[in-house]
Amino acid sequence: MREPLRWAGQTVFFVAIAAMVGLFASWPSYRQFPEDQAQIKLSLSHGAQRVEACRRLSAEEIAKLPPAERRPNTCARERLPVHVQLLVDGDLVFDEVVAPGGLAGDGPARIYRKLIVEPGQRELVARLKDSDRPGAFDYEMRAEVSLAPQQSLAVDFRADAGGFVLR
Amino acid sequence: MDHARRPLRWLFDRAEAALGTIFPPAWNPLVNLGALGFFFYWIITASGIYVYIFFDTGVHQAFDSVEYMTHEQWYLAGVMRSLHRYASDGLVVVMLLHLLREWSLDRYRGVRWFSWIIGVPILVLVYVAGITGYWLVWDRLAQYVAIVSTEWLDQLPFFAEPVARNFLAPDALESRFFTLMIFMHIAVPLITLVLLWVHLQRITKPRINPPRGLMVGAFLSLLALSLVHPALSQGPADLARVPGTLQLDWFYLGLYPLLEHLPGPLTWGAAATLLIILLAMPWLPPLRKPAVARVDLGNCNGCARCAADCPYAAIAMVGRSDGLPFSAEAQVDPSLCVACGICAGACPTAMPFRRASALVPGIDLPELTIAALREEVERVGRALPRDAPRVLVFGCRHGVPLDGLRGAVALACTGQLPPSFIDYVLSKDLAEGVLLTGCREAACYNRFGIDWTKARLAGSRDPQLRRRVPRERVRTIWAGRLGAARLAAAVAEFQRDLATAAPLPRPAAPAPHHLAASDA
């Protein structure tokens, strides 16, 4: 091939490669989330109460312990599961009993769930039970929220803040 | 497995041949994929250092600092940002092509397992580096990348607290997390560089830099792309809103929609399976290992030409062990030798004229010895018809298939041929011309077979072709696997030229006994 033609061919090659790189670096577009919907993220990490409540050690039991490990109370490690419910406008959209984490079952229960909802005025009810107390949930939150399209509302739980929080 | 490789090999051969029409052989991008990867790495490093000067790692400042670079200082920092991104994309392209090409050429098994295995973590780290880079911009795309990545990581039972909770709401994110990401974005490429160095440990004279012309072309094309289509952010990240439509970089993020929508156990299982398959490939199945080169100390004078020519650093010169008065002897490392025979081609004792003693060179291939090669040359040469000028063709098993080609002698690699064989063929009247063929130029399967052959013929590398050999009776054509028609045409043209060439001076000495006997 003649030299000018080779140069032209090389130019075309480099232009084509650059075009290919530029093209697929941003095209085709990806519709990750419908623009006319909103999202609720229910996420929490919460350690439930222990399966066995802590109890006071007797003087004999304390005496049997190595001197460096003597303490007045003993607590079993294992925790209870956490039961969580979320209702949107009265519809139960999430209802799970989550086991505690960790090999010994002594870690927090973890929940991370994304829910797609219609935007607009919504009534949210979130409930959590982290004890073996019979009957009602230990925590409950009721809230009226106004969700805009593409809004992401986080429903979190912080025991130190008194229960569920919207973020 | 070879059936699976063959179509891809054919594609690469075709593409290489097509590019060979517009690029000089040494510039062919497909034979410079690894070197181009290095080149892109250096562009990424240089542009990254510049961009880092202006980058603010604060969660609320990161996006603004990138916007400043892109719009206020578009002529330098903006261009650097675009170069950083597009060179990263280019790196992915050449890296994947490099992987596929080496696989299609079956250059990943046997002694090459080491480079392949080291290449696998490099592949993973390049992606990790790229993804952390997208994260740092902290635009809507970064938000998507961060959330999908952490949600995917959370599928593993390692984290006490879901990592994705860091992106739960605008008040959840801390600048400390960005500091971690910038650390990763710098540390991971540095680890990659170390692995790249290890990747090249088992080959000699690795081609780290592409030819200058190819470098200039690649750089200018990236620069032009950066100016015409600069990399832009996609609006500031806002964890209170879900990004709707995004412009993904499909080179790095092409699998993210799958990570997002497929179950975690499936995607993690698929990723782990793919990784295990990649790591196990050199042994699926293992390469039948040919007998490695063998040193014959009685004929080795320690000249070190074999060690200098070995493309795989498989030969070391060590102290003499047999008491002969030479300073060193060649020692073959069987774990590195691929039995290409280039060492035998470099040995000054691989001299076919030798008759007083058995033809045993200082180093030789047990499965295709120099002595067996001489016998084959004599057999093939004697069988050539005399109705036209006779051309004896030396080829290799990775170039044009020589089956059925009259007057062809196959070598492990064309570099296995000691130049004295050419002299031998012509002076013993086995042919009027000698044609050497093999892989495509600059694409030698054994890396240096073509280069050393050309240098030996040109007299610039030992062992040299003797001056007495008429150069018009020696030709080369580096045709590659698909070059059968080119080779046939070259042979025909050579024959035509030989018909009108000056007669070949014949030595006065009689032919060796067994040749004379068979001629009779």
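Modeller: B:Leu214 counts as buried, since its relative accessibility is 1% and the cut-off for buried is under 20%. This comes from a predicted model.

Colleague: Where is B:Leu214 found, and what is in contact with B:Leu214?

Modeller: B:Leu214 is found in helix H8 of chain B, residues 212-228. Leaving aside neighbours within four places in sequence, B:Leu214 is in contact with A:Phe14 from chain A and with B:Phe23, B:Trp27, B:Pro29, B:Asn32 and B:Leu36.

Colleague: How many Å separate the C-alpha atoms of B:Leu214 and B:Cys444?

Modeller: The separation is 19 Å, and the two residues are 230 residues apart along the chain.

Colleague: Why is B:Asp423 called buried?

Modeller: The relative accessibility of B:Asp423 is 4%. Buried means under 20%, so B:Asp423 is given that label. B:Asp423 is found in helix H15 of chain B, residues 420-427. Not counting residues up to four places away in sequence, B:Asp423 touches B:Phe353, B:Leu465, B:Arg466, B:Arg468 and B:Val469.

Colleague: Why is B:Ala442 called buried, and why is B:Ala304 called partly exposed?

Modeller: B:Ala442 has a relative accessible area of 19%, and buried means under 20%, so B:Ala442 is buried. B:Ala304 has 28%.

Colleague: What is said of phi at B:Ala304 and at B:Ala442?

Modeller: Phi is positive at B:Ala304, about 75°, although B:Ala304 is not a glycine. B:Ala442 is not a glycine either, and its phi is positive at about 70°. B:Ala304 is found in the loop between S2 and helix H12 (305-309) of chain B. B:Ala442 lies in the loop between strand S8 (433-437) and H16 of chain B.

Colleague: How is chain B divided into domains?

Modeller: Domain 1 of chain B covers 32-280 and domain 2 covers 294-519. Taken over C-alpha atoms, 47 Å separate their centres. In chain B, 12 residues of domain 1 are in contact with 19 residues of domain 2.

Colleague: What does the secondary structure of chain A come to?

Modeller: Chain A has two helices and 11 strands. From the N terminus on, the elements run α-β-β-β-α-β-β-β-β-β-β-β-β.

Colleague: What makes chain A more spread out than a compact globule?

Modeller: The radius of gyration of chain A is 28 Å, whereas the globule rule gives 15 Å for 167 residues. The value is well over the rule, so chain A is more spread out than a compact globule. The C-alpha trace of chain A spans about 100 × 50 × 20 Å along its principal axes. Domain 1 of chain A covers 1-30 and domain 2 covers 38-51 + 80-166. Between their centres, taken over C-alpha atoms, there are 53 Å.

Colleague: What percentage of chain A is made up of buried residues?

Modeller: Buried residues make up 41% of the 167 residues in chain A.

Note on methods:
Residues numbered from 1 in each chain as written. Chains lettered and ligands numbered in written order. Predicted model: local features only at pLDDT ≥ 70, side-chain atom pairs only at ≥ 80, totals over all residues. Heavy atoms only, no water. Helix = DSSP H or I, 4+ residues; strand = E, 2+ residues; numbered from the N terminus. Rg over C-alpha atoms; globule rule 2.2 N^0.38 Å. Buried < 20%, exposed > 50% of the residue type's maximum accessible area, 1.4 Å probe, protein only. Domains from an automatic or database assignment. Contact = heavy atoms within 4.5 Å.
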